[in-house]
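Reader: I would like a close look at a single part of this model, with the criteria behind each term spelled out.

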Amino acid sequence: MISSFDTLKKILRRIPGIGYRSAERIALFFLLEGKEYAQELLKSLSHALESIKICSLCGNLSEAELCFLCSDPSRDASTLCIVETIPDLHAIERTGNFRGKYQILNGKLSPIRGIFPKNLPLEHLKKRLDQEDIQEIILALGNDIESEATCQYILKEILQPLGKNTTRIGFGLPSGGGIAMADTDTLHTAILSRRKL
Ligand SMILES: [Zn+2]
């Protein structure tokens, strides 16, 4: 029979970035010195799980129907930045030099992993392009093969037929790494030096 200590370690190891040793250290901390902290963590986690949902417009985390970015009237609604993941959005926000709006794809095309165009919110994107006055679309996807294929698909199937002005960031980003992996300065430069497609 697996002890509850082992179960706890096993669950902790599923957290990204936590290896076997860290899982054991954290489990011991919770059980020995950090009992009160563990209760606080439980409470805050359960509150976050209940109150945080997905923004119905861009796909970001939000406590309301629209996230703080979508509902901010000072953001430039004529520029839409398309990113793969929520951490990518936050990485771009940290650079402080993008003031437009976002669309999160929640993935990228990958036939091997069974992710096809129908699995990405592309119909939603088309609807946004139809309903909002978007002048420039920035494809802020990584520079691995799947991200590149996703950019090409969106460009050819959606943006070019609509005659949308599209740019692509990517210069100087680490090869094969996602946007969220890049340091802020590199990402800042990559956004400024985006090229027209
Ligand atoms: Zn949003």
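Which residues does I169 touch, not counting residues up to four places away in sequence?

Author: This is a predicted model, in which local features need pLDDT of at least 70 and side-chain atom pairs count only at pLDDT 80 or more, while totals for chains, interfaces and linings use all residues. Residues are numbered from 1 along each chain as its sequence is written, and side-chain values use heavy atoms, with hydrogens and water left out.

With contact taken as heavy atoms within 4.5 Å, I169 touches I138, L139, A140, L141, I179, L187, A190, I191 and R194. I169 is also among the residues that touch the most other members of the largest nonpolar core, a group of 21 residues, together with C81, V83, I92, Y102 and L187. Such a core is a set of buried Ala, Val, Leu, Ile, Met, Phe, Trp, Tyr and Cys residues joined through side-chain atoms within 4.5 Å, where buried means under 20% relative accessible area with a 1.4 Å probe and protein chains only. At least two residues of this core come from each of β3, α4, β4 and α7 (184-192), and α4 gives the largest share, four residues; here helices (H or I, at least four residues) and strands (E, at least two) are DSSP runs, numbered from the N terminus.

One of the contacts of I169, L139, lies in β5, opposite I82. Strands β3 (residues 76-83) and β5 (residues 136-139) run parallel and are joined by four bridges, two strands being paired if DSSP finds at least two bridges between them. Both belong to an open sheet of five strands with mixed pairing, ordered β4-β3-β5-β6-β7.

Terms used. Buried < 20%, exposed > 50% of the residue type's maximum accessible area, 1.4 Å probe, protein only.
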